[in-house]
Amino acid sequence: DDAPAFEIDLRFVNDVAALKKMAVDEQYNVASELYYQKNGLSDGLTIEIAMKFLNGESRRLVQKLAAGCFEGFVKSDACEALLEEMGRKWYGFKDVPQLKDRPWAELFTTSLNKSHAPLIMVNVQVPGLPISWANEGFEILTGFNKAEAIGKNCRFMQGSDTQQDAISSLSRGICEAKRTDVRIYNYRKNGTRFLNHVTLHPIHDSDGVFRYCVA
């Protein structure tokens, strides 16, 4: 198969999703073929073993695709089109050309402001790396409103149990402008500790300059 790796992975994920919708008596042959693509022949393969493997492999590939495609997607025309559609649906934007003239960061933050997925953005060109934007999902998760978070470094949510190795990983990810995935103890506004799964996504401009970090 001469297709790019991401297309092969995406095709596999879609095939597994389609497999789950098939009648039980049709699943074994397709499951065996998909299993063979990854593992080769296996004696005594049952539908239960095949499905367990295929489900796990599908989840792994989805995570891989999401991690690898995020930065490319936010720079693409497809992302702009999606943000425009979200703007129409959530904010009633009618004049689509005016959206095309707005900076990417403004489109991104406006469209995802009401998302339940906690998100923040840091402009890495600003000394001290203060939070420049946070959405409603962040407010729900942490209890801090946007006004209390914007302008502060993310350290304000750290406490006595925050792991130093996790802090070092996040700092290294920003310094090296690379995707970073950590679990770190943070503290809500009410003082309760929670285990925060943080993923950093570096965003570069069209000239390749590291501008933002979305987490």
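Predicted model: local features only at pLDDT ≥ 70, side-chain atom pairs only at ≥ 80, totals over all residues.

Me: Is Glu-176 buried, partly exposed or exposed?

Reply: Residues are numbered from 1 along each chain as its sequence is written, and side-chain values use heavy atoms, with hydrogens and water left out. Buried means under 20% relative accessible area, exposed means over 50%, and partly exposed is in between (1.4 Å probe, protein chains only). Glu-176 has a relative accessible area of 46%, so the word for Glu-176 is partly exposed.

Me: Which residue forms a salt bridge with Glu-176?

Reply: A salt bridge is a side-chain nitrogen of Lys or Arg within 4 Å of a carboxyl oxygen of Asp or Glu. Here the closest N and O atoms are 3.2 Å apart.

Me: How many salt bridges does the structure hold?

Reply: One of them joins Glu-148 and Lys-189, at 2.7 Å from N to O. That pair links distant parts of the chain, with Glu-148 in helix H8 (residues 146–149) and Lys-189 in the loop between strand E3 (180–187) and strand E4 (193–204), 41 residues apart. Helices (H or I, at least four residues) and strands (E, at least two) are DSSP runs, numbered from the N terminus. For the structure, the number of salt bridges is five.

Me: Which residues are linked with Lys-38 in a network of salt bridges?

Reply: Start with a pair in helix H3, three residues apart, about one turn of the helix: Arg-60 and Glu-57. Their closest N and O atoms are 2.7 Å apart. Arg-60 is partly exposed at 41%, whereas Glu-57 counts as buried at 12% relative accessibility. Linked with Lys-38 in the network are Glu-57 and Arg-60.

Me: Which residues is Leu-19 in contact with, leaving aside its neighbours within four places in sequence?

Reply: Contact means heavy atoms within 4.5 Å. Leu-19 is among the residues with the most contacts inside the largest core. With those neighbours left aside, its contacts are Gln-27, Val-30, Ala-31, Leu-34, Met-51 and Leu-54.

Me: How are the rings of Tyr-35 and Phe-53 arranged: stacked, tilted or edge-to-face?

Reply: Rings of Phe, Tyr and Trp (its six-membered ring) pair if their centres lie within 6.5 Å; planes under 30 degrees apart count as stacked, over 60 as edge-to-face and the rest as tilted. Tyr-35 lies in helix H2 and Phe-53 in helix H3, so the pair ties together parts that are 18 residues apart in sequence. Their centres are 5.2 Å apart with 70° between the planes, and the arrangement is edge-to-face.

Me: How many bridges pair E3 and E4?

Reply: Two strands pair if DSSP finds at least two bridges between them. E3 and E4 form a hairpin with five residues between them, and Gly-191 in the turn has a positive phi of about 90°. Asp-181 stands opposite Thr-199 in E4. E3 and E4 pair in the antiparallel sense, and the number of bridges is eight.

Me: Which residue has its charged end over the ring of Tyr-185?

Reply: A charge sits over a ring if NZ of Lys or CZ of Arg is within 6 Å of the ring centre and within 35 degrees of the ring normal. At Tyr-185, the charged end sits 3.8 Å from the ring centre. The residue it belongs to is Arg-193.

Methods:
Core = buried A, V, L, I, M, F, W, Y, C linked by side-chain atoms within 4.5 Å.
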